[in-house]
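Thanks for asking me to look over this fold with you. Have the chain open as you read, and follow the points in order.

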Amino acid sequence: MEISVAPATTHPGVTVVALSGEIDGTGAQELGARLVREFELGHNRIVLDMSGVSYLNSAGIGELAMAAKRARSLQGDLALCGLQDRVRRVLELVRMDQLLVVASGLEPACAALADHPVERDCGSSSAGGDA
């Protein structure tokens, strides 16, 4: 899996992490380690651009849930964008789309984190939706 990180150009304080490849066991470990590094650098509002992700398994879902919980504990949040249909269906099946900010594209995802800080309880199933 490939991971690249850059600040959002139009939304100060938002970090964009672009992913490509498969988020399987190995990819999930790489993603988790990279997100921990971003949190340690003080980046607590993170958009995961998943337009290049073709596969997501339970290890990847676990990393997304842990990252969302960590971001919120740091008064931030995690948003996803660019979901391919296969990945979107997996997230909907396990109701992660109710836990995470899921946006139609990069700009709406960045705006959701920059303009409308989201307060979600990681145990709640009442939040989420398309930003």
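The points below go from the overall fold to one helix and its surroundings.

1. First, the ground rules. This is a predicted model, in which local features need pLDDT of at least 70 and side-chain atom pairs count only at pLDDT 80 or more, while totals for chains, interfaces and linings use all residues. Residues are numbered from 1 along each chain as its sequence is written, and side-chain values use heavy atoms, with hydrogens and water left out.

2. The overall plan is 4 helices and 5 strands, arranged along the sequence as β-β-α-β-α-β-α-β-α. Helices (H or I, at least four residues) and strands (E, at least two) are DSSP runs, numbered from the N terminus. Of the 131 residues, 44% are buried, where buried means under 20% relative accessible area, exposed over 50%, and partly exposed in between (1.4 Å probe, protein chains only).

3. The strands form an open sheet in the order β1-β2-β3-β4-β5, with mixed pairing; two strands pair if DSSP finds at least two bridges between them. At its edges sit β1 and β5 (101-103), each pairing on one side only. Inside the sheet, β2 and β3 run parallel and are joined by 8 bridges; one of the bridge pairs is glycine 21 with valine 53 of β3.

4. Now to helix α1 (residues 25-40). Its 16 residues should span 22 Å at 1.5 Å a residue, and the end C-alpha atoms are 23 Å apart, so the two agree. The expected span is 1.5 Å times one less than the number of residues.

5. Which residues of α1 are buried? They are Gly27, Ala28, Leu31, Gly32, Leu35, Glu38 and Phe39. Gln29 and Glu40 are exposed on the face turned away from the buried side.

6. What does that buried side meet? Its residues pack against β1 (2-7), β2 (15-23), β3 (45-56) and α2 (58-73), with contact meaning heavy atoms within 4.5 Å. As for α2, this helix lies across β2, β3 and β4 (77-81).

7. Please look at both ends of α1 too. At the start, a side-chain oxygen of aspartate 24 comes within 3.3 Å of the backbone nitrogen of threonine 26, inside the polar-contact limit (N or O atoms within 3.5 Å; within protein, one must be able to donate a hydrogen and the other to accept it, and residues adjacent in sequence count only if both atoms are side-chain atoms). Just after the helix, glycine 42 has a positive phi of about 90°.

Conventions
Axes are lines fitted to C-alpha atoms, for helices over the stretch in contact, and angles run from 0 to 180 degrees between N-to-C directions.
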